[in-house]
Amino acid sequence: MDPIHTGTTRTGTRTRPGVGVSGSDRPRLARHVRLTFCRTRQRQVLQLPETVVVLNGSGAAILELCDGRHTVAEIVAELGARYRTVPDDEVRQFLTRLVARRWMELTDG
């Protein structure tokens, strides 16, 4: 089957375009995406082929926890322990947008 149509890849991860992220999903960056610190900008950036995305503080904090081991619920709980308020729905929307762009992969929890 074609991974684009099924939303799965050979590694058992899902990209699920158009579908929300659940609390039991374990997000991780896609193989072609790197989270690095840019010394020039003094910020975390996502490096993709021919693209650099400059992240704000909250986006970087979320992506630092997206290692394929933490569930979305654990990521929200960890961020809640660091900061006063962490809107669960905003974290899920952020991750859903990254999944739709195929910058993030999800593994079932």
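1. Is E78 buried, partly exposed or exposed? In this predicted model, E78 comes out as partly exposed, with a relative accessible area of 34%.

2. E78 has a partner: its side chain forms a salt bridge with that of R82, at 3.2 Å from N to O. Both residues sit in helix 3, four residues apart, which is about one turn of the helix. R82 is partly exposed as well, at 39% relative accessible area.

3. Helix 4 has a pair of this kind. D88 and R92 join their side chains in a salt bridge of 2.7 Å, N to O. They are four residues apart in the helix, so about one helical turn separates them. D88 is partly exposed at 30%, and R92 is partly exposed at 22%.

4. Then have a look at R69 and D67, whose side chains meet in a salt bridge at 2.8 Å, N to O. Here R69 is exposed, with 62% relative accessible area, while D67 is partly exposed at 28%. The count of salt bridges comes to four.

5. Now for the inside. The largest nonpolar core holds 25 residues, and L46, L63, L95 and M104 have the most contacts within it. Strand 3, helix 2, helix 3, helix 4 and strand 5 each supply at least two of the core's residues. Helix 4 gives the most, with five.

6. L95 is worth a click. Setting aside neighbours within four places in sequence, L95 is in contact with V21, P27, I62, C66, V72 and M104.

Notes
Residues numbered from 1 in each chain as written. Predicted model: local features only at pLDDT ≥ 70, side-chain atom pairs only at ≥ 80, totals over all residues. Heavy atoms only, no water. Core = buried A, V, L, I, M, F, W, Y, C linked by side-chain atoms within 4.5 Å. Buried < 20%, exposed > 50% of the residue type's maximum accessible area, 1.4 Å probe, protein only. Contact = heavy atoms within 4.5 Å.
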